[in-house]
Amino acid sequence: MTPRKFSLNILSLGLAVLAGLLLITSPADAKRERKTKTLVLENGLAVFLLSDQEVTRSAAALSVGVGHIYDPLEKQGLAHYLEHMLFLGTEKYPDVEDYKKYLNANSGGSNAYTSNDITNYFFQVSHGAFEGALDRFSQFFQAPLFNPKYAEREVHAVNSEFDKNKLQDGWRASHLANQVSEPGHPMKKFGIGNKDTLAGDNRPALLDFYKKYYSASIMKLAVLSNLSLAEQEKLVRQMFSKIPNRTVKYPEIDPVFRKPLDGKYRLLKIKTIKDTRSLSVEFPTIRLFDLKDSRPASIVGAIIGHEGKGSLLSKLKEEGLALGLSAGGGYSHPNINSFDINVSLTQKGEKNYERVLELMFSYFKMLKEKQFQHYTFVQNQRMMEINHEWRELREGMGYVAGQASLMQRYALEDIETLPYLLKKEDQKNYSAIMDTLRPGNMLVALSTQHVATNKKEHFFGTEYSLEEVGGEKFNKLQSPKSEPGLHYPLENKFIPNGLVLHPENPHLIRDDDLAQVYFQFDNRFEKPKVYLKFLIETPHVYNNPGNLARSKLYQAAIREGLNELTYPIGQAGLSYSFGLEKKGVVLVVGGYSERVQDLLKLVVGSLRKITIDENKFRDLKDEFIRGVQNKKLGQGYSRASYFNRQVWLVDQFTEEQLLIGLKSATFEEIKQYAEKLFEQVYITSVIYGNWTEQQARESVDLVIREMNSKPLPEADRFENKVVVFKESEKLLYSEQVPDNNNALFYTLQVGPHSMENYAVSQLVASVIESDFYTQMRTKQQLGYIVWSYGQRLEERLFFKMIIQSAGYGPFELQKRVESWMTTAPKLFDELSDEEFAKHRSSLVVSLEKKPDSIAEMAGELYYFAAEEEGDFEYKKKLIEVVKKVEKEDVVAVAKRLFSQSQTPRSIILVRSQANKDSVPSGVLTAIQKIKELNKGRKSVN
């Protein structure tokens, strides 16, 4: 993938610090020892080693300080293409399948991405296989084959990735905005590449690019393992010291990528695929790369992006112009810096976007007059210190990839602290950034379906117009008037003020007809945090399409009504989420223990009353309707997934049913619904973290008291029902969609769930995964998205295969998959005892993975409480079952699934907008027909 920007200046949260803030000085995960070491090899490769006995898998990442901004003009997409080619064999390991098969057999996985100036490769694997994986990985950077046999095929893979993103509005807008750069500037390059930009013989350019830039001197390696630092260093020196160290000379990147205009601003109007409404404003700004210790763009972004009373967003919402706003600075290259503001518009805001700009510049004027207050810096600095002090240790390939990327931005000696801390106040550069927020310096992008356009972009085909706006419209922004109601954010009083740890033993603290609540003290992470997760079952969410629509609008109205009240609390390291599932409402509250009770009381006390006005309700309703309609414009594989749910779930309303309910819902209905929703409830809750039992009981009492509900009998609680196909039953469904991608969603019904059956089916999926991917994606080049996996849905088990393709129709994809299925049993015939043992060990390692944080731990415990009837030993039991599975059991199930036509199955065949395939007889083309068939089928909970 090739993201436009990799911003290290993530918005930090502005928080007030009360006098006498008490912090316990304690290293992260006090009981958990993570040792670190940095070093530079003789060839110049910088290395960050992390040793941790508690990590589930070992992981490594290597970033290279080069990306698609350095592509040759005649080979745009070359850096991305090179990223793909490195996975396809090395001199030491020439088999194209070797790396993936090795990782797959050892509980592993891998990925990579290419950004403007960084290419990042990463993997994770079981500890016992780490040395072998690291050796294979290191060969990418020493002796890749760049096998001509796969060169053309991988161009198709890159093109498939482009096809996947071609109709995605985010990619289209990002690329188009880059085109509004100075002539010849490398920002304008088409970084993802396609079959046209990579046509012909790429090998000479590929080898030249690799030799020019793939040098140890601009590579950064991050390693996390249970091995000691000494053992890690020995492996790294042995495997990575031979990477050549070449002198790298980068082409000059002009920091002036878009010159300011005199008396005018640039207005880019972009016609979107989906019905979205957004206004983005980009200002080229000062060089941020050298200001990591003061993070001025984070401070400015925290103020402009504030959501409390008096904020820019609050004013925009008051006038019915916006639904959301974000602001911040970043750079995609040290020389390419910008400050961006993004506004999600209402229908009124779309028509009056110029008013949005006027309010924006009025807010800028207020900030320049008020200047940045000292407490803003103090709040940010202290909260970053708190969050760093009490951070939860992460693991996995995503974590090390982040570290390897940070190593490209920060000095090696600063890598453990500077990315997470704020060192100094910088009033000079706060003002310098504000000075760049001028109308002549900005690019305004209005993205909606309703703009007039007169141009079309070459690669993505995006329709747009670009104009320069001057005169009175410019002058209103150049000399903005003061607007009432806009003011500088006040000091935040929701600050932890005495973070202490409370030892306590876990146990069930309530079990009656209203609630079943489990409390477990955090004896692993030892952080002053707690998370409370409540499933509030109610019969009024999924009992009919009208209530489903009302529940979604109710949810949005409650969130909106709470936003300004909870925003300062959120800045203080606390958070809440309020979601829906078929059974009812899921409420999660958590963060630093001291003030969680305050947040819980505020949120629960607001659940029965709608506080927004009718105008705001209309905006939210409009947004929801557009959201459902936009889903129909999603990628082929996502549409296939939607149709697949209609097949296998008994109670699954269609988008059309939901739309009818949304369109007919009134403000008065939602207010009445809020009062009715919790008339009868049953609560399942898990409380995990640094609290006492007394505090946990008080929180539960608070929830039940505020809700004032009657018990919901078990017979009235929602149960998800799964369709059961008869032996040999085969359902085919096809539909044409607006996307440019075809898709196949192939589902095999495995059978009823038990721990034994689940273990066996997951091992079948593990053996299959690598070969299916290699055959369908690498060799046959059917598409970029190729997945296979086993899945449990309630008490039924399934095996699923998904392919998305722009070049092949769904009926051809079906033929290819079914042809592959005839060969799949051979994989199991040839499966050695040693290979089987690796797959089994790999599954055990995956199950043994522990949560990385208190929030994740609470989520895992909640799953056991809500889905496994409070069996908190479920995972341990499953691991023991997996260890006892015999190869013969797996082979027998695999042959039954793939060899026998009696295996029940559904086949979803999605046709792209350009597809001309005729639909064979016997293939259903209407969801209603599926519903009718399901009425006569057996179903299970």
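Before I look at any single residue I note the cut-offs: a residue is buried under 20% relative accessible area, exposed over 50%, and partly exposed in between. I also keep in mind that this is a predicted model.

**Entry: a pair close in sequence numbering.** I looked up D290 and found that it forms a salt bridge with R287, with the closest N and O atoms 2.7 Å apart. R287 has a relative accessibility of 35%, so it counts as partly exposed.

**Entry: E468 and K264.** I next turned to E468, whose side chain meets that of K264 in a salt bridge, at 4.0 Å from N to O. This pair joins distant parts of the chain, since E468 belongs to strand β13 (residues 463-469) while K264 sits in the loop between α7 (229-240) and β7 (265-271), and the two are 204 residues apart. Are these partners buried or exposed, or something in between? E468 has a relative accessible area of 46% and is therefore partly exposed, and K264, at 36% relative accessibility, is partly exposed as well.

**Entry: R277 and E350.** I then followed R277, which forms a salt bridge with E350 in which the closest N and O atoms are 2.7 Å apart. R277 has a relative accessibility of 5%, so I record it as buried, and E350 counts as buried at 12%.

**Entry: the wider set.** How many salt bridges does the count come to? I noted 52 of them. I also found a network of salt bridges that links K315, E318, E319, R355, E358, K476 and E483.

Entry: In soluble globular proteins, nonpolar side chains tend to be buried together. I looked for such groups here, and the largest nonpolar core has 62 residues, of which Y554, L587, L600, I610, F678, I683 and I687 touch the most other members. Helix α16 (residues 545-571) supplies the largest share of this core, namely nine residues. I took F678 as an example and, leaving aside residues up to four places away in sequence, found that it touches I536, Y554, V585, L607, R608, M707 and S709. Apart from this core lies another, of 61 residues, and I wrote down L88, F137, V155 and I218 as being among them.

Note on methods: Residues numbered from 1 in each chain as written. Predicted model: local features only at pLDDT ≥ 70, side-chain atom pairs only at ≥ 80, totals over all residues. Heavy atoms only, no water. Core = buried A, V, L, I, M, F, W, Y, C linked by side-chain atoms within 4.5 Å. Buried < 20%, exposed > 50% of the residue type's maximum accessible area, 1.4 Å probe, protein only. Helix = DSSP H or I, 4+ residues; strand = E, 2+ residues; numbered from the N terminus. Contact = heavy atoms within 4.5 Å.
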